[in-house]
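This report describes a single chain from its fold down to individual residues. The sequence and structure come first.

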Amino acid sequence: MIEIRAVGENDKEWIRKLSSDHWGSPIVITRGKAYQVDSLDGFIAIIDDKRSGLITFNIEDDECEIVALNSLTEGIGIGKSLIEAIKRFAESRQCRRLWMVTTNDNTPARSFYQKLGFRICAVYKGAIDQYRKLKPEIPIYGIDSIPIRDEIELEMMI
Ligand SMILES: CC(C)(COP(=O)(O)OP(=O)(O)OC[C@H]1O[C@@H](n2cnc3c(N)ncnc32)[C@H](O)[C@@H]1OP(=O)(O)O)[C@@H](O)C(=O)NCCC(=O)NCCS
């Protein structure tokens, strides 16, 4: 049973640690913009009273960007539940578009998002090479030892 609740003040330290463990620091850069992840709104997936996943987002005008998504136990529906929650929230805020970027090496995330109905809408060649100047923690090689270089944007109209 996956319960979804909004991020609260007491979650900030956990979010900083999660982000540092998974993304190298509490800062995530997307489309050239740096976000302090623990300052964003988001939802947390809870299983048996334990935090098991996090989605953070940023709404601008009528667009909702998923800034970061992490499932701590893969393959049991946590990611999907968090996407459903953000979709409902974005709809309630009259958003027209839900979108996010992933790095070119992240084929699992791209499969996940496309399976949930997202479409690839842009590729930003060399974007990550630029971000490394702001965030040197970004590794050179990612999943399957693929060089991390480009940003791929996916979207869903809502
Ligand atoms: C991508 C991620 C969020 C998926 O979360 P998850 O909890 O494992 O996903 P779910 O169990 O909810 O899966 C939802 C659907 O996506 C599918 N899916 C998940 N990962 C997949 C993969 N790598 N390849 C193909 N399909 C996949 C599932 O089979 C499931 O399909 P179904 O509804 O038909 O059964 C998770 O793997 C993760 O945290 N990755 C590391 C961080 C990351 O890359 N985040 C995204 C970029 S911001």
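## Strand E6 and its neighbours

The bridge partner of Glu-60 in E6 is Glu-63. The model is predicted, so local features need pLDDT of at least 70 and side-chain atom pairs count only at pLDDT 80 or more, while totals for chains, interfaces and linings use all residues. Residues are numbered from 1 along each chain as its sequence is written. Strands (E, at least two residues) and helices (H or I, at least four) are DSSP runs numbered from the N terminus.

E5 (residues 50-60) and E6 run antiparallel and are joined by 8 bridges; two strands count as paired if DSSP finds at least two bridges between them. The hairpin of E5 and E6 has 2 residues between the strands, and Asp-61 there takes a positive phi near 55 degrees. E6 also pairs with E7, in the parallel sense, over 3 bridges. Cys-64 stands opposite Leu-98 in E7.

Of the 9 residues of E6, 7 are buried, so the strand is largely enclosed by the rest of the structure. A residue is called buried if 20 or more other C-beta atoms lie within 10 Å of its own, exposed if 12 or fewer, and partly exposed in between, with C-beta atoms placed from the backbone.

## Overall fold

The chain has 4 helices and 9 strands, in the sequence pattern β-α-β-β-β-β-β-α-β-α-β-α-β. Its radius of gyration is 15 Å, close to the 15 Å that the globule rule gives for 158 residues, so the chain is as compact as a globular protein of that length. The radius is taken over C-alpha atoms, and the rule is 2.2 Å times the number of residues to the power 0.38. The C-alpha trace spans about 40 × 30 × 30 Å along its principal axes.

Buried residues account for 31% of the 158 residues. Of the contacts between residues at least 6 apart in sequence, 64% join residues at least 24 apart; a contact requires C-beta atoms, placed from the backbone, within 7 Å.

## Nonpolar core

The largest nonpolar core has 33 residues, and Ile-55, Ile-66, Leu-82, Ile-86 and Leu-98 have the most contacts inside it. H2 supplies the largest share of this core, 6 residues. Such a core is a set of buried Ala, Val, Leu, Ile, Met, Phe, Trp, Tyr and Cys residues joined through C-beta atoms within 7 Å. Leaving aside residues up to four places away in sequence, Ile-55 touches Gly-42, Phe-43, Ile-66, Leu-69, Leu-82 and Ile-86.

## Ligand shell

The ligand has 19 residues around it, of which Ser-71, Gly-79, Lys-80, Pro-108 and Ser-111 come nearest. Strand E6 (63-71), helix H2 (78-92), strand E7 (97-103) and helix H3 (107-115) each supply at least two residues of the shell, and H3 gives the most, with 5 residues.

## Positive phi in loops

Most residues other than glycine have a negative phi. Two exceptions lie in loops, as tabulated.

Notes
Two residues are in contact if their C-beta atoms, placed from the backbone, lie within 7 Å. A residue is near a molecule or strand if its C-beta atom, placed from the backbone, lies within 6 Å of it.
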